Amino acid sequence: MRRNFLWGGAIAANQSEGAYNEDGRGLANVDLLPYGEDRLAYMSGEIDSLELQQKYYYPSAKGIDFYHSYKDDIKLLAEMGFKSFRISIAWTRIFPNGDEEEPNEKGVKFYENLFLECKKYAIEPIVTIAHFDCPVNLIKKFGAWCSREMIACYEKLYKVLFTRYKGLVHYWITFNEINMILHAPFMAAGITFKDGEDHEQVKYTATHHELVASAMAVKYAHEVDPENKVGCMMAGGDYYPYSCNPKDVMEAMNKNRENLFFIDVQARGEYPEYAKKQLEQKNITLPILEGDYELLKEHTVDFVSFSYYASKVAASDSSEKRETAGNLVKSIKNPYLTLSEWGWQVDPLGLRITLNTIWDRYQKPLFIVENGLGAIDKLTQNHEIEDDYRIAYLSEHIKEMLHAIEQDGVDVLGYTSWGCIDLVSAGTGQMSKRYGYIYVDADDHGQGSYKRYRKKSFYWYKKVIESNGAILLS
Ligand code: P53
């Protein structure tokens with residue numbers, strides 16, 4: 001176990017800040033995801049408009065009002081003993097249209113103040129540069145990441161961040177869940193499709209641009225400050241074969257590669273042969289320019305981070321097997337596992353397995369930057385929340401992480417559980433799908449006092465951090 005293990009929690013700008021049009025902030029793809037049944041269509045790029053519409057309620061507009069309450073919120077995190085706090089930058093606070101010459105000073109200042117607040121409590125910020133955000137102007141102008149022009153806009157963004165926050169931030173993540181572009185292209189990367197377009201071609205074109213942008217960011221971060229550590233981030237969780245039928249094993253291997261492909265490029269610095277072959281077979285051509293391969297090769301990431309909510313199951317013939325509900329990343333139901341209230345499979349041992357898979361493949365320090373249970377909480381009249389189910393979920397998962405570290409020798413930098421303070425769900429737009437140690441009094445329609453209350457898990461996690469995890473193993 002590392003001496004300075006980075007215990008903490010994670011949030012993202014668009015799910016927490018709110019204040020979507022304050023202090024010069026511009027509109028982003030993530031603002032356009034409505035609450036309700038049309039949300040999924042929007043996430044996947046079936047969009048009828050790039051404007052906000054009267055007929056919808058947009059939960060990100062208000063978030064949990066973190067933009068105004070961050071000082072009090074960070075104080076609560078400090079009370080739990082947080083060593084780290086993962087946040088993300090709202091791109092359109094820094095560059096409202098994405099292509100201005102100069103950044104929006106008010107936006108730059110907001111994050112500076114936030115980092116100073118963290119510093120006050122010796123909390124290390126872990127900063128995701130793009131957690132799904134893409135300025136709407138760049139979608140209209142260029143078609144987002146489908147265009148190479150995006151790289152220069154992203155470059156502008158990270159240059160401001162690395163120079164202005166030098167010394168305040170040491171851990172950076174270039175793109176949140178970079179593989180999510182395959183499953184929710186509009187939410188993850190601002191991608192919309194034109195009629196007749198080959199979706200896979202579009203997605204892998206955008207992917208190449210993101211991978212190049214990511215390598216450029218790594219390069220620049222190291223130039224500005226050799227203390228900077230830059231990581232990639234994938235939506236993790238291994239696929240298991242449904243059975244020992246070699247066909248199922250092969251299918252699981254392919255499914256795993258579909259996700260690991262991104263990290264193979266970011267951590268090893270080259271397109272793996274299997275990916276080149278598969279893209280070729282699908283007639284997909286990558287928009288590779290001279291110098292791209294060298295850049296990818298020379299500027300690999302310092303650490304590999306990932307989210308883990310569940311393992312998944314793959315079968316060569318899935319027709320007769322039941323799929324699980326709820327998650328964007330499809331899986332067949334695993335008969336050995338229970339499900340969360342949202343139909344996500346619960347598999348603590350799967351976290352140890354996933355850690356080992358990634359460690360064996362890359363031999364770079366790992367960081368679990370998301371993990372947690374989305375569940376319904378009941379606020380009692382005394383403002384108490386007895387979230388024993390969450391404590392059970394988290395302790396089982398953290399225990400398996402500790403086993404991976406202590407018994408398997410996996411190098412883990414830290415653990416930031418998802419939604420340490422309740423926030424808007426990315427998948428559903430709900431507030432009622434809660435992950436936090438801190439309850440936020442708000443409902444799915446934006447009604448409530450927005451007051452914060454400590455849950456039972458708050459006191460539990462404080463003890464976990466205090467003991468550096470030891471209380472879970474005794
Ligand atoms: P929610 C599923 C759907 C959307 C985003 O998800 C996802 C996933 C899980 O892989 O990824 C991450 O809020 C994401 C967070 C998100 C979290 O999972 O749908 O990085 O932004 O909130 C949890 O329950």
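Helix α13 is followed by Gln363, whose phi is positive, near 50°. Helices here are DSSP runs of H or I with at least four residues, strands are runs of E with at least two, and both are numbered from the N terminus. The model is predicted, so local features need pLDDT of at least 70 and side-chain atom pairs count only at pLDDT 80 or more, while totals for chains, interfaces and linings use all residues. Residues are numbered from 1 along each chain as its sequence is written, and side-chain values use heavy atoms, with hydrogens and water left out.

Helix α13 covers residues 348-362. Its 15 residues reach 22 Å from the first C-alpha to the last, close to the 21 Å expected at 1.5 Å a residue. The expected span is 1.5 Å times one less than the number of residues in the helix. The buried residues of α13 include Leu351, Arg352, Leu355, Ile358, Trp359 and Tyr362. Buried means under 20% relative accessible area, exposed means over 50%, and partly exposed lies in between, with a 1.4 Å probe and protein chains only.

Helix α5 spans residues 105-120. Its 16 residues should span 22 Å, and its end C-alpha atoms are 22 Å apart, which agrees. The buried residues of α5 are Gly107, Val108, Phe110, Tyr111, Glu112, Leu114, Phe115, Glu117 and Cys118. They pack against α1 (13-16), α3 (66-79), β2 (84-88), α4 (91-94), β3 (124-130) and α7 (149-164). Contact means heavy atoms within 4.5 Å. After α5 comes Ala122, with a positive phi near 55°.

Glu117 lies in α5. It counts as buried because its relative accessibility is 8%. Residues up to four places away in sequence aside, Glu117 touches Tyr70, Lys71 and Ile74.

Helices α3 and α5 pack at an angle of about 10°, with their axes 10 Å apart. Axes are lines fitted to C-alpha atoms, for helices over the stretch in contact, and angles run from 0 to 180 degrees between N-to-C directions. The two helices α3 and α5 are therefore roughly parallel. Angles under 35 degrees count as roughly parallel, over 145 as roughly antiparallel, 65 to 115 as roughly perpendicular and the rest as oblique. Phe66, Tyr67, Tyr70, Lys71 and Ile74 in α3 meet Phe110, Asn113, Leu114, Glu117 and Cys118 in α5. By class, this contact of α3 with α5 has 7 nonpolar, 1 polar and 2 charged residues. Nonpolar covers Ala, Val, Leu, Ile, Met, Phe, Trp, Tyr, Cys and Pro; charged covers Asp, Glu, Lys and Arg; the others, Gly among them, are polar.

Helix α7 has 16 residues. It reaches 23 Å between its end C-alpha atoms, close to the expected 22 Å. Its buried residues include Met150, Cys153, Leu157 and Leu161. Among the elements covering the buried residues of α7 are α4, α5, β3, α6 (136-142), β4 (171-175) and α9.

The axes of α7 and helix α9 (residues 199-224) come within 10 Å and cross at roughly 25°. That makes α7 roughly parallel to α9. The crossing of α7 and α9 is right-handed. A crossing is right-handed if the near helix is turned clockwise from the far one by less than a right angle, and left-handed if anticlockwise. Residues of α7 in this contact include Ile151, Tyr154, Tyr158 and Phe162, and those of α9 include Val212, Met216 and Tyr220. The contact of α7 with α9 holds 11 nonpolar, 2 polar and 2 charged residues.

Helices α14 (residues 388-406) and α15 (residues 456-466) pack at about 25°, with axes 9 Å apart. They are therefore roughly parallel. Their crossing is right-handed. Asp388, Arg390, Ile391, Leu394, Ser395 and Ile398 in α14 meet Lys456, Ser457, Trp460, Tyr461 and Val464 in α15. The residues in this contact of α14 with α15 divide into 6 nonpolar, 2 polar and 3 charged.

Leu6 is found in strand β1 (residues 6-10). Leu6 is buried, with a relative accessible area of 9%. Leaving aside neighbours within four places in sequence, its contacts include Ile126, Tyr171, Phe367 and Leu413. The C-alpha atoms of Leu6 and Asp38 are separated by 38 Å, and these residues are 32 residues apart along the chain.

Two loop residues complete the description. Glu177 has a positive phi of about 35° although it is not a glycine. It lies in the loop between β4 and α8 (185-189), and it counts as buried at 8% relative accessibility. Tyr450, also not a glycine, has a positive phi of about 60°. Tyr450 is in the loop between β13 (438-440) and β14 (452-454), and it counts as buried at 13% relative accessibility.
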